[in-house]
Each structure stands twice: as C-alpha cells, then as structure tokens.
Amino acid sequence: MKVLVCVKQTFDTEAKIELKDGKISDAGINLIINPYDEVAVEGGIQLKEKGIAKEVVVVSAGSDKAMDAIRTALAMGADRGILVKQDTAADEYARACALAEVIKGESPDIVLAGHVAADDGSSQVPTRIAEILGFPHVNVITAVEIAGGKATCTSEADGGTQVTEVSLPAVISSQVSWNEPRYPSMKGIMAAKKKPVSTVDAAAVANKVAIVSVALPPSKQAGIKIEDEPAVVGAKLADWMLNTVKVEVK
Amino acid sequence: MDFRLTEEQEMMKRMAHDFSANEIAPFASEWDHNHIYPQDCLDKMQELGFMAIGVPAEYGGPGLDHVTQNIVAEEICWGDAGVGTIMVASSLLATDPIHVAANEEQKKEWFGRIVDGELGAFCLTEPGAGSDAAGISTRCTKVGDEYILNGSKQFISNGGTAGMYTVLATLDKKMGTKGMCCFMVDRNTPGITVGKVEDKLGIRTSNTTEVIFEDVKVPAKNLIGKEGQGFYIIMKTLDISRASIAAMATGVAQRCLDESLAYSKLRTQFGKPISSFQAIQFKLADMAMRVQASRLLYYEASSLQDMDVPRFSKAASLAKAFAGDAAMLNAIEAVQVFGGYGYTREYPVEKLMRDAKIFQIYEGTGEVQRLVIAGDLLRG
C-alpha cells in the first residue's frame, strides 16, 4: 500500500506578519512545515511502522523553499519526496490541480494532508484534490483504521465524533489531535539527504481567484475601564454596550 | 569564506533547539530547585541520538562532524546546562579517547555501549590534581594480563550514573607524563565505589561524584593506546572537548540574551517598556556581541578539527576562555535586566547565573586556557 502525504511550507506560527508593496512579506520569516501537515506525515509513518503501508511519499507544491518541508518529512521517516515547482501566487484551485496531477501519476492508496494550513487557513486543497480525482474525502480525522481496502475514520463532529467508512483510494485530512508528531532523529536527519527527491513543474493552470488587496486586521483598540461598586459597574457596562457599542438585543 | 551552516547542520540545530525548548527548558527550573535527575528526558534524548553524538556512523552513532556535535551541545545547554553536561561528559568527553587511540575491537565495544544507552564518565581530576593533570596519583600496576587500579577521582560528571569510566592512572608518579595510561573500565568491576555526591552551585541536574578505585582489576585489553600514552591521549581529548565546552557556554549566553530581550519588552517603568531605555539597550547589544563572538570562535575551533588541522589547541582555548566569560557576564547582566525579580527563583535568570560559572572552571579553567594561548603566542 502506498501513502502519499501533501505538505506545505508555511510561516512559523510565531512569525510577525508584515505587508510590503501590498503583499505579505516573507523577509526574515522563519519557514516551517505546516504543523497540521506534520501530523499527516506522522500518521503516514505510523501506517508504515504498523506494516500497513509499504511506502510513504511526500509531495509539496511551491518554490524551492518547499524543499525544506520535504526534507523535514524525510528526516521524520518518509521514503521519498516530490517537489512540484509552482508560483507561490497559485490559488487553492491551481494548487490542487497541480498536486492532483502528480497524485494521479503516483496512484497512491491513501492521500493524507493536514486539514488546514497555518498561514492562509483556506482549508480547501485536500477537498479539491479529492473532487478532481473522484476520491472520497474524510476531513478533520482524529483516528484511522485501514483494513480490507477500506478506511474507517473517526472525525470531529458538532457535539461528538463521527465514524466514516470509505473505500480506498481516499483523501484523508487530519486534525492536530490525531497524533503527536515525532522529532526527526539524528540518524533520520543524516539519512534524509540520501533519500530521493524528484522535481517536476506544475501543470499550467490559471488561478480562479484574483487577489484585489491584502490588509492587516485593524490593531486592537484600547478597552474601557469601569471602576465602581459591582451593581453600578453592571449598569454602566450595560449602558455602554447598548448605547456606545450598540449591541442589538433581540 | 562562507559562514552558512550546511542543510544537515541547520536541520540538526533546529531539531535540537525544538527539543530543548519543548522538553528541557520548561522543566529545568523544577529539576534544578528540587535536585531531580532528568531520567525521562535523557531517555527521549537517547532515542533521538543525542546521547551518542560523538559516535561515528560505522559504530552505530549518528556520525556527526565536530561542528554539528557542538551545535547540538549549544542548543541543549540553551535549555539546561546540566542536561548538556550529562550529554557532553558521556558522548564526547568520555568517548573522545576512544577516537584518539582505541583499536578496532575497543571501538566496537565501547562505542557500542554508548550507542546502547550506557553513560560514560571521564575520570581525570583528583583531590590533588585539577589544573595539574600530570600530577595524578591513581596508580596502575600490571599483574599478568590485568592492571590493578588504586586511587580516587574527584568531581566526576556522571560519576554515579555512568556504566563505563574512562580512567587516567600512572604506572609510577616519578615517571611524570611518561608513566600515564588511559583505561576503559566497566562500572561493575569489583572495587569501584561511588563516593560523595557533590551539592553544586549550578548544573544541578547533572550528577557529580567522587569515584574510588580499590584494587580494581582491569583486563589489559582495556588499555587505550600504549602504556605511557595516557597524557598524550588526555591532552588531545581536552583539546577536542574544549570547543564543546565553548559551545555549551554559548548556549547559556544565548539563553541569557533571549530571556533579557523578552523581559525588557514586557517590563514597563516610567510608563515605557524598559527596552526603550539606552541603559538596557546597551546591555542587550553587549550580550549579543558576546554570543556571536563565542559562537564564531567555537565554530572556527570545531571546523579546524573537522579539517584535521594538527594544531587547533589555541583556537579551542580562545573559544573556551572567551565563551566561558561571555556566559558568566551575560548571566550577570541578565539578572541586572530583571532587577529584583531576577534575584528570585521565580524567574529563570538566577539559575543561568549559577549554571554559567562552571564554564570558567571545568575542562580547564579560564586561567589554564590563557596559559595555552600565551604559550602559543610566545612560541611565535
């Protein structure tokens, strides 16, 4: 069984976002493997360790910088990597088309990915890949059992959990609570360099979304401080909410 | 000249830093204050390869060059200098004599034991022989195909936790440096006792003890190199490990800067963060200079070792003396930046100040390093 994991190189979650010339600037930003995808990589490696998967292939679309994310996954224990070279301005549609093209050629049994990326948070690419390939898709999974050509996935649902059974091949995207990603071992890091990584150019697909402008959220305004007896504070706060903030009461 | 790290060095640094920041730093205060030996943390480090950083790939280790080994040492000490001491004392200091002079069979056995998770301890210092390494009195006497060891060793890192000791002894004190021999000794050999456990100012997570040898029979095959080569082996080992100690000190110096920088942005006085005052800014800038200079000095010394340049002693001493002082100065300044809070145990910098002091003392004091440097200068 072959497992393919999609990974994205994203900004460090602690990075300070700044705009330059109307675009998000990556100057001086530390790039990391998307933490949600890291969980998917760990999930794939665990399937291999359990003897379910024979090979774990990691795929990333983006600039040469995405190679770091691939190397990290290889150091954790993935077997080989594919870098799909694509303009970083590609939208979710173009990104999914490029990845789907490569996935079709690899014909994996399971496609894993994080359910969302820590940078743009669009949460679209795995679903789009499944749609393009005609694979079933299970989202935000926290556990998976593979047996008899089927995947039984536990995922989060409103107020509880949902168990979904799908036939393979399928796209399965992970919630962070699925597992605790391992640190790459020292031997893993030394071995990563020797593992094969191929580079392909992304299929030429035009974006469907045109970005008109990018803006940072307005900076937080100073709050108000009400100091008085508790009962008076309550009344003043209610007055402020009704008349200054103008909260609608239904 | 290219100051960039290789891809593996970058990855190793990142991984070691992540580990240190998540698995060591958040717990180090508790371990330090309550004198807890961090066994669980060491088990995780063993699994990831940290505890065998000095072992070449052909003997089952990760096979790192000296630069990378020391980058890892820096990052672990950023989290806790005591944990770093446990790791370096075992996988570098006690292991280096095996690199320097062991035969194939010895390499297989002793590197193998380190890889399997045993700790090593380097037994050189004695109650009467610290800076004067040639003044040791622990005797070794050959009887048949064994050597009998008698004597006691002082301030031994991992003394009570090691499974194997690298021991320096003399055939006859009158022979001076020519009588010295280096042995690998199994902890379970009859006649070995672990003495007093030191109650230290800093690096309190590490175990430092006296180790006493009374008629300890060591198989002759455990002699590293030849009889009389002990002094050469030890000097060479100390030359190699000096850069590692410099790296460890750099980790502490960096931590002092990181803590001070973060705190100075949060702490407000006179209505402004204290980082807006030049008095604080100059301290931060001085700390950053010392960190960077320490790091470049140890990178250079380690890189000379990797290039197999025969004389790297001076570079290693420059690095060790400078970085040891840098860690201490940065720690003092960090406490100053934190003010009254820095003087309490609630904040991390008082521990850094206690930990930093060791780097001016162990593995050749700052004064001994200066003698090495001056000696080299005067030889011309």
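In chain B, 26 residues of domain 1 are in contact with 25 residues of domain 2; contact means heavy atoms within 4.5 Å. This is a predicted model, in which local features need pLDDT of at least 70, side-chain atom pairs count only at pLDDT 80 or more, and totals for chains, interfaces and linings use all residues. Residues are numbered from 1 along each chain as its sequence is written, chains are lettered from A and ligands numbered from 1 in the order in which they are written, and side-chain values use heavy atoms, with hydrogens and water left out.

Where do the domains of chain B run? Domain 1 spans 7-115, domain 2 spans 120-227 and domain 3 spans 231-379. These bounds come from an automatic or database domain assignment. Taken over C-alpha atoms, the centres of domain 1 and domain 2 of chain B are 22 Å apart.

The size of an interface is often given as the accessible area lost when the parts come together. Domain 1 and domain 2 of chain B bury about 2,100 Å² between them. Of this area, 62% is on carbon and sulfur atoms. Buried area here is the accessible area (1.4 Å probe) that two parts lose on being put together, summed over both. In domain 1 of chain B, the residues that lose the most area to domain 2 are His35(B), Gln106(B) and Trp110(B). Together they account for 27% of what that side buries.

Two salt bridges are counted between domain 1 and domain 2 of chain B. A salt bridge is a side-chain nitrogen of Lys or Arg within 4 Å of a carboxyl oxygen of Asp or Glu. The side chains of Lys221(B) and Glu109(B) form a salt bridge at 3.9 Å, N to O.

Which elements give two or more residues to the domain 1 side that touches domain 2 of chain B? They are helix 1 (7-33), helix 4 (81-93), helix 5 (96-101) and helix 6 (104-115) of chain B. Helices (H or I, at least four residues) and strands (E, at least two) are DSSP runs, numbered from the N terminus. Helix 4 of chain B gives the largest share of that side, eight residues.

Now look at one residue of helix 1 of chain B, Gln9(B). Gln9(B) counts as buried because its relative accessible area is 8%; buried means under 20%, exposed over 50%, partly exposed in between (1.4 Å probe, protein chains only). Leaving aside its neighbours within four places in sequence, Gln9(B) is in contact with Asp65(B), Val67(B), Thr68(B) and Ile71(B).
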